[in-house]
Amino acid sequence: MSLSTKHKSRGMHAAHHVGPNMTPMVDVVMVILIFFMLGSSFVSPDWYLTNNTPAIKGGLSNVKTNAMPPTRINIKLRMRGTRTIAILPGLQTADLSGELASFLTNKHKALVKGVPVQIFISPSNGVPYKDVITTYSDCIQARFKQVAFRPPPAQ
Amino acid sequence: MKIRGIKPMQDTHVNVTPLIDIIMCLIIFFLLVGHIAKAASVKGIKIPSAKNGKDMRNKSDLLIINLVPPTGGYGDNAAPTILIWGNQIPDSQLASYLRKQKSGNPKIKVVLRADRSIPYKFVAPVLISCAQARIASIHFMTRRPG
């Protein structure tokens with residue numbers, strides 16, 4: 001007796017998967033996607049120091065912004081050799097991020113509450129931009145809201 | 001003798017082919033985001049650090065002004081280059097350029113992205129140009145210290 005291997009199947013045919021297996025491709029594409037997601041997240045990790053430049057009567061801008069308060073503090077930044085010195089009433093220092101910051105904080109605390117103060121930062125021509133930013137950051141830390149920049153003095 | 005055949009296979013797997021299309025769309029999206037961000041920013045600028053910077057939540061209507069330091073230093077009156085969206089803008093035309101941008105979008109916000117070593121005498125004209133263009137909102141791009 002021979003066993004017949006020929007067998008006609010009735011009903012559902014066996015499902016044959018034709019074509020490449022897509023599952024590993026999903027893994028590869030997922031890795032590429034994660035790469036680009038991480039890449040785009042590294043593009044802009046920066047912070048921002050905001051500023052609303054006030055209008056000065058007779059100045060270059062006619063934009064109506066904050067009015068100029070009568071109480072004003074002028075912070076001069078001058079170069080002495082390779083160091084930047086901050087000069088203002090009551091203080092002269094090269095420690096922009098430490099001594100200047102604490103001085104401005106104490107100055108703000110000593111002010112009468114509700115009295116607006118206008119800060120002017122007046123750097124000279126050669127003062128590096130990073131020192132100007134440090135001074136501005138100190139003013140923000142001391143909670144002064146109105147800070148403006150003067151053009152460099154004529155030499 | 002009955003020979004029982006193999007039962008027909010039933011395909012119970014999830015069809016992942018449409019998922020690849022969705023992921024490809026996401027990849028194209030992030031490629032475009034990276035390309036646009038790269039066009040706005042310029043290499044070769046080391047921005048200063050600041051302890052009191054804040055993350056800007058609303059980054060719409062931004063105009064980034066890049067101040068790129070000269071490659072050979074500041075000798076022979078070399079000045080930094082002003083780049084906006086990859087285009088070099090001469091100092092004398094910056095104010096008119098900003099006025100034009102402001103007229104097209106009154107809500108525009110200027111972000112100054114300058115190298116930390118640039119002397120203030122090259123930064124002040126940019127601030128003055130912003131004032132001449134009646135742009136009051138100026139932001140300084142910094143990085144986190146450390």
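The legends below describe close-up views of a predicted model. Residues are numbered from 1 along each chain as its sequence is written, while chains are lettered from A and ligands numbered from 1 in the order in which they are written. In this predicted model, local features need pLDDT of at least 70 and side-chain atom pairs count only at pLDDT 80 or more, whereas totals for chains, interfaces and linings use all residues.

View 1. The secondary structure of chain A comes to 3 helices and 6 strands (DSSP runs numbered from the N terminus, with H or I over at least four residues for helices and E over at least two for strands). From the N terminus on, the order is α-β-β-β-β-α-β-α-β. The mean pLDDT (the predictor's confidence in each residue, from 0 to 100) of chain A is 77, and 70% of the residues score at least 70. Where pLDDT is low, the predicted coordinates should not be read in detail.

**View 2. The open sheet of chain A.** In chain A, 5 strands form an open sheet with mixed pairing, in the order 4-3-2-5-6 (two strands pair if DSSP finds at least two bridges between them). Strand 4 (91-93) and strand 6 (146-149) of chain A stand at the edges with a single partner strand each, so one side of each lacks a neighbour in the sheet. Neighbouring strands of this sheet are turned by 20° against each other on average, direction ignored (axes are lines fitted to C-alpha atoms, for helices over the stretch in contact, and angles run from 0 to 180 degrees between N-to-C directions). Strand 5 (residues 117-123) of chain A runs parallel to strand 6 of chain A, to which 4 bridges join it. Across this pairing, Ile121(A) stands opposite Phe149(A).

**View 3. Helix 3 of chain A against the sheet.** Helix 3 (residues 129-141) of chain A packs on the sheet and touches strand 2 (71-80), strand 3 (83-88), strand 5 and strand 6 of chain A; its direction makes about 165° with that of strand 5 of chain A. In helix 3 of chain A, 12 of the 13 residues are buried, so the helix is largely enclosed by the rest of the structure (a residue is buried if 20 or more other C-beta atoms lie within 10 Å of its own, exposed if 12 or fewer, and partly exposed in between, with C-beta atoms placed from the backbone). Among the buried residues are Tyr129(A), Ile133(A), Tyr136(A) and Cys139(A). Arg143(A), which follows helix 3 of chain A, has a positive phi near 70°.

**View 4. Surroundings of Ile119(A).** Ile119(A) is found in strand 5 of chain A. It counts as buried because 25 C-beta neighbours lie inside 10 Å. Leaving aside neighbours within four places in sequence, Ile119(A) is in contact with residues including Ile73(A), Ile75(A), Cys139(A) and Val147(A). The C-alpha atoms of Ile119(A) and Asn74(A) are separated by 6.0 Å, although these residues are 45 residues apart along the chain.

**View 5. Strand 4 of chain B and its partners.** In strand 4 (residues 109-114) of chain B, 6 of the 6 residues are buried. Lys109(B), Val111(B) and Arg113(B) lie on one side, with Val110(B), Leu112(B) and Ala114(B) on the other. Strand 4 of chain B pairs in the parallel sense with strand 1 (residues 62-68) of chain B over 6 bridges, where Leu62(B) has Lys109(B) as its bridge partner. Another 3 bridges join strand 4 of chain B to strand 5 (residues 137-142) of chain B, also in parallel, and here Val111(B) is partnered by His139(B).

**View 6. The largest nonpolar core.** This core has 49 residues, and those with the most contacts inside it are Leu112(B), Val123(B) and Cys130(B) (a nonpolar core is a set of buried Ala, Val, Leu, Ile, Met, Phe, Trp, Tyr and Cys residues joined through C-beta atoms within 7 Å). Helix 3 (residues 120-132) of chain B gives the most to this core, with 7 residues. Beyond its neighbours within four places in sequence, Val123(B) is in contact with Tyr129(A), Leu67(B), Ala114(B) and Ile118(B).

Terms used. Contact = placed C-beta atoms within 7 Å.
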